Amino acid sequence: MERKEISKAVLKRLPGYLSYLKGLDVQYISATAIAAALNMGEVQVRKDLAAVSDGGRPKVGYERATLIDDISSFLGYDNTTDAILVGAGKLGQALLGYSGFDAYGLNILAAFDVNPAAREVDGKQIFPVCALPEFCKNRNVLMGIITVPASAAQEVCDRLIDCGIKAIWNFAPTHLEVPKGILVQNENMATSLAVLSMHLQAQIKK
C-alpha cells in the first residue's frame with residue numbers, strides 16, 4: 001500500500017502491535033481482539049492498523065502473517081540501517097553485543113571511544129573517536145548512537161553531525177541541541193523509572 005504520514009504517537013504504538021502479533025499462533029486476528037489483548041480502544045487500533053495495512057476484512061480481520069509483514073515493512077525493519085555507536089562503556093558494549101537488533105533492521109557496524117584499548121565486542125571493533133569522520137564517510141553511515149556520560153554528549157553529538165549523521169539515538173541523560181533536519185530520539189531511563197515509581201506508589205496506597 002502507499003506509505004502514509006503518521007503521527008509519532010502511532011509510530012510508537014506499532015512495535016507493540018508487532019510484538020503481540022509475533023507471539024500468537026493464529027491465522028487471522030481482528031482489531032477488536034488486538035485492542036482487548038493490549039487494553040486499548042478498538043477505534044484507535046483500527047485507525048492505527050489502517051494507516052499501515054489495507055489487509056483487514058469485515059468479519060474476518062487481518063491475516064496475521066500479512067499484518068506482521070505490513071507493519072515491519074512500514075517501520076523499515078525489512079531494510080537494514082547501518083549505525084555507529086560512541087561510548088564503549090558497559091551500556092555501549094551491551095548494545096554492541098545485542099543480536100536482537102537484527103530483527104529491527106539495525107546493524108551497529110562498530111563503536112568509538114576515547115579509550116578504545118584495541119578491543120572488540122562480539123567481533124565488532126572499538127575504534128578511537130578520531131577515526132569517526134573517515135569511517136562514516138567510507139561506510140556512508142547516517143545513524144549514530146550515543147552512550148557517553150551526559151557531560152560529553154553534546155560534544156559527541158556535534159562530532160556526529162559533522163560526520164554526516166542525520167539521526168541520533170541518545171542514551172545520555174541530557175538534552176541535545178541539533179540543527180534543523182537532524183532527528184534525536186532520547187532514551188530517557190530516568191523518565192521511565194519515574195513512571196514506574198509513581199505506578200508502584202499508587203498501587204501501594206490502594
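The lining of the second largest pocket divides into nine nonpolar residues, one polar residue and three charged residues. Please bear in mind throughout that we are looking at a predicted model.

Let me stay with this pocket for a moment. Its volume is about 210 Å³, and 13 residues line it. Nearest the centre of this second largest pocket lie Val114, Val129, Val148, Ala152 and Val156. Which elements each supply at least two residues of this lining? They are strand 4, spanning 106–113, and helix 7, spanning 150–162. Helix 7 gives the largest share, with four residues.

I now turn to the largest pocket. The space in it comes to about 1,200 Å³, and its lining is made up of 29 residues. If you look for its centre in the structure, the lining residues nearest to that point are Leu11, Leu75, Tyr77, Met143 and Gln185.

How is the lining of the largest pocket divided by class? There are 17 nonpolar residues, together with six polar and six charged ones.

Several elements contribute to this lining. At least two residues each come from two helices, helix 1 (8–22) and helix 4 (64–75). The strands that likewise supply at least two residues each are strand 3 (81–86), strand 8 (167–170) and strand 9 (183–186). The largest share belongs to helix 1, which provides seven residues.

Methods
Residues are numbered from 1 along each chain as its sequence is written. This is a predicted model: local features need pLDDT of at least 70, side-chain atom pairs count only at pLDDT 80 or more; totals for chains, interfaces and linings use all residues. Side-chain values use heavy atoms; hydrogens and water are left out. On a 1 Å grid over the protein atoms alone, a cavity is a set of points where a 1.4 Å probe fits but cannot get out, and a pocket is an open set with protein on both sides within 12 Å along at least five of seven lines; lining residues have an atom within 4 Å of a point. Grid points are joined across faces, edges and corners, and a volume is the space filled by probe spheres set on the points. Ala, Val, Leu, Ile, Met, Phe, Trp, Tyr, Cys and Pro count as nonpolar, Asp, Glu, Lys and Arg as charged, and the others, Gly among them, as polar.
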